[in-house]
Amino acid sequence: MARAGREAAYRELIRRYERPIFALLFRMVRDRELAEDLSQETFIKALNAIESYRPEFKFSSWIFKIANNAAIDHLRRRELDTLSLDGSPHAETPEAMQATALQIGARQESPLDAVEAKELGGAIEVAIGRLRPEYRACILLRHVEGRAYEEIAEMLDLPLGTVKTYIHRARNELRQALAHLKEE
Amino acid sequence: MTPVPGPHLTPDDLDAWLSGALAPAAQAHLAGCPACQERADTEREIVAMLGALPLLSPPPGFADRVMARVRVPEPAAVGTLTLLRRRAFATRRSMAIAASVLVVLLGSMAGSVVWTLGHQDTLAAIGSWLTTQAGQAAWLGVRGVASNVIEQPWFTGLRTLAASPGRLGLALALTMLAYLGGILALRRLLALPTQQVAHASA
């Protein structure tokens, strides 16, 4: 009976978070099957370690943190080349940023990008896909999931100032990437 | 051309503007600076585009696939019983020990039932004595509390108040109001926070 109750509670948690977690992971890794695998991994990890969850924190923050770690780990393993217009996120001076910046157009839109764009819904999705993963996670959590800066900092284990910088740079990159739409 | 007051908007200012909390000085600058207006409008468009991104769902059966790989723990009592049963049947020696414990437990229970049936008068006498003792102790307690209350300095005032039904009614009404106010305040304090993220509950 108690076991059945717990199972029902687990299913309710999955029902409540499967869409936002899957959406975040899909937009992070840009591969539907992989996103499903990582989403499963996220829920399995979270539910199997539910005893270690501390109720003083939001469950959503905890599960988003696990999901983001899964995505970042995967992207690091895959050693994805990322494109940044502003250079390294750790660069402090304009010179350092310029030295570490990649040129726009360094990555041409591949046929896969086109398929993804069609599936995901357009230019904004392609532009998000070209952000470096740290920026992508921050901007998605902030403006798609509606999380507060402080919560994102806690989820991603980053200082609050860094989160703000990442989000500003991400918006800057999106603005530049979407500028052609405005000109048309 | 009218000079635009103040410096250009910073990224933090743009955040404040997006959330409708831009400082009046920055607001004045924004109103007169076409460059900042264009930047702010673009930021708002991007944020709107991000907010309008479609919700994506995992394939059907996702929850079943997850649940198939999740360990749902047994409740603590069931787990302990399972462990005891497993240990009791592990070896011949453990089985013998378990059987002995069972015999002792069942034997003592049967013995107590037999003794009770054979000594009903003794049990009734013990019960009656215990009831008397408990009654006396309760009465002593009530008397102790009453004499303690009577000796309090505020008791005379309370007695005067009780002598006037009007004042007593007013005091009771005020007490009830204070109590209800406290309950309402507690409810507000203990209210669950509202769901901030539409997607999370979708």
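The axes of α7(A) and α9(A) come within 8 Å and cross at roughly 90 degrees, where axes are lines fitted to C-alpha atoms over the stretch in contact and angles run from 0 to 180 degrees between N-to-C directions. That makes the two helices roughly perpendicular, a label for angles of 65 to 115 degrees.

A word on what you are viewing: this is a predicted model, in which local features need pLDDT of at least 70, side-chain atom pairs count only at pLDDT 80 or more, and totals for chains, interfaces and linings use all residues. Residues are numbered from 1 along each chain as its sequence is written, and chains are lettered from A in the order in which they are written.

Next, show the residues where the helices meet. On α7(A), pick A:E134, A:Y135, A:C138, A:I139 and A:R142; their partners on α9(A) include A:V163, A:Y166 and A:I167. Contact here puts C-beta atoms, placed from the backbone, within 7 Å.

Stay on α9(A) and colour its buried residues, among them A:H168, A:E173, A:L174 and A:A177; buried means 20 or more other C-beta atoms within 10 Å of the residue's own.

Finally, select the contact between the chains: 36 residues from chain A and 32 residues from chain B. On the chain A side, α1(A) gives the largest share, 16 residues.

Key. Buried ≥ 20, exposed ≤ 12 C-beta atoms within 10 Å, placed from the backbone. Helix = DSSP H or I, 4+ residues; strand = E, 2+ residues; numbered from the N terminus. Contact = placed C-beta atoms within 7 Å. Parallel < 35°, antiparallel > 145°, perpendicular 65-115°, else oblique.
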